[in-house]
Amino acid sequence: MPLIFFAAPTLWPEYRDLLPALLAEAGIAANVVTEAPDPAMVDYIIYAPSAPLQDFTPFTNCKAVLSLWAGVERIVGNATLTQPLCRMVDTGLTEGMVEWVVGHTLRHHLGMDRHIVNPAHVWDPTCPPLARERPVAMLGMGALGTACACALTALNFPVTGYSRTAKDIPGIPTTTDLRSALSGAEIVITLLPKTPETENMLNAESLSWLPRGAVILNPGRGPLIDDAALLAALDTGHVAHATLDVFRAEPLPQDHAFWSHPRVTVTPHIAADTRASGAAKVLVENIRRAQAGEPLLHLVDRGRGY
Ligand code: NAP
């Protein structure tokens with residue numbers, strides 16, 4: 001009977017009844033615990049960055065570490081972690097991200113702010129362009145970027161996808177060249193993982209490739225953007241607005257310039273949450289696969305860092 005160590009104490013109430021029920025449904029007799037009396041007995045670890053667990057060395061027989069988060073930058077470089085690491089890809093995360101991205105894209109595309117905050121009661125009948133006239137760049141064409149790109153494409157936005165490796169996605173042109181993705185993009189959405197290669201990908205040089213007045217949405221990770229370069233581009237109006245969900249330091253410090261900048265919207269890392277109802281099914285499926293000797297889902301490539 002596998003011993004499963006659920007290492008994220010604050011999240012445990014959401015999974016306490018659900019996980020054992022789904023494991024039983026899958027025909028897996030397992031013991032799920034939040035304290036491992038003997039780490040050497042643990043078969044699987046369910047992990048979130050909020051967990052105090054940092055040293056994986058004692059878990060000598062652990063078959064896999066299953067992350068509740070999609071982004072694994074806080075654990076992927078942990079030298080004590082030698083077991084296979086799986087990240088979270090589930091429908092709740094994807095749906096949440098699609099809704100956040102579509103909502104904030106439409107806000108900027110339609111110029112909603114002009115009408116929502118209009119204290120002088122200005123009657124400006126200028127119509128926004130159609131979505132088909134608003135080029136979008138999606139930086140990152142993984143699970144979340146692809147879903148968001150498809151949703152925006154369904155609304156007629158011409159989306160160009162950018163990723164590390166070439167893709168063939170019907171209806172969505174893609175590139176591995178950042179400059180060609182950004183050139184002409186009026187709305188840029190960053191859904192890249194944080195790795196040494198992606199850090200500061202949006203910097204003074206790459207921001208200068210955008211047309212004047214472009215808008216940036218960052219639900220990926222804070223370090224993807226050079227903060228100082230972004231603030232400089234916002235001050236000159238080269239970037240018209242940045243809607244940021246993630247930051248180098250979270251919570252965003254009270255004295256950070258993003259809070260008070262008139263061209264920045266801060267959302268508090270709420271773009272997409274892992275929901276227990278979907279995530280527990282993914283965890284159980286991976287445990288089933290590991291027990292059956294089948295390949296694991298959403299395995300992290302340590303070399304790439306995501
Ligand atoms: P994913 O499936 O691993 O996709 C990552 C994408 O980034 C892939 O298309 C990958 O290219 C591309 N990429 C990685 N390194 C690159 C590089 N150096 N240059 C160009 N492209 C690169 O990840 P995901 O599930 O879509 O999630 C993306 C990120 O969203 C997560 O890592 C996390 O940071 C963030 N996130 C945020 C929230 C929130 O609430 N704000 C919630 C969940 C996730 P290839 O396809 O060629 O490998």
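Contact here means heavy atoms within 4.5 Å of each other. The model is predicted. By that contact rule, and with neighbours within four places in sequence left aside, Leu152 touches Val101, Val102, Thr105, Val136, Met138, Phe157, Val159 and Ile189.

**Nonpolar cores**
- The largest nonpolar core has 52 residues, and the members that touch the most others are Phe6, Tyr15, Leu19, Leu68, Met138, Leu152 and Ile189.
- Helix 10, residues 276–292, gives the most to this core, with seven residues.
- The core lies between domain 1 (3–90 + 274–292) and domain 2 (91–266), because both domains give residues to it.
- Another core, of 31 residues, lies apart from the largest one and includes Ala137, Leu182, Met201 and Ile225.
- As background, nonpolar side chains in soluble globular proteins tend to be buried together.

**Cysteines**
- The count of disulfides is zero.
- For Cys150, the closest cysteine sulfur is that of Cys148, at 9.3 Å, which is too far for a bond because a disulfide needs the two sulfur atoms within 2.5 Å.
- Cys150 has 36% relative accessibility and so counts as partly exposed, as the value falls between the 20% and 50% limits.
- Cys127 has 65% relative accessibility and therefore counts as exposed, the limit being over 50%.

**Segment after helix 10**
- Gly303 lies in the segment that follows helix 10.
- Its relative accessible area is 74%, so Gly303 is exposed.
- Gly303 and Gly77 are 226 residues apart in sequence, while their C-alpha atoms are 9.4 Å apart in space.

**Ligand surroundings**
- The ligand is surrounded by 31 residues, of which the closest are Arg87, Leu144, Thr165, Lys167 and Tyr306.
- Leu144 also has a backbone N or O atom 2.8 Å from an oxygen atom of the ligand.
- For Met141, a backbone N or O atom lies 2.9 Å from a ligand oxygen atom.
- For Ala143, a polar backbone atom is 2.9 Å from an oxygen atom of the ligand.

Methods: Residues numbered from 1 in each chain as written. Predicted model: local features only at pLDDT ≥ 70, side-chain atom pairs only at ≥ 80, totals over all residues. Heavy atoms only, no water. Core = buried A, V, L, I, M, F, W, Y, C linked by side-chain atoms within 4.5 Å. Buried < 20%, exposed > 50% of the residue type's maximum accessible area, 1.4 Å probe, protein only. Helix = DSSP H or I, 4+ residues; strand = E, 2+ residues; numbered from the N terminus. Domains from an automatic or database assignment. Near = heavy atom within 4 Å. Polar contact = N/O pair within 3.5 Å; in protein donor to acceptor, adjacent residues only side chain to side chain.
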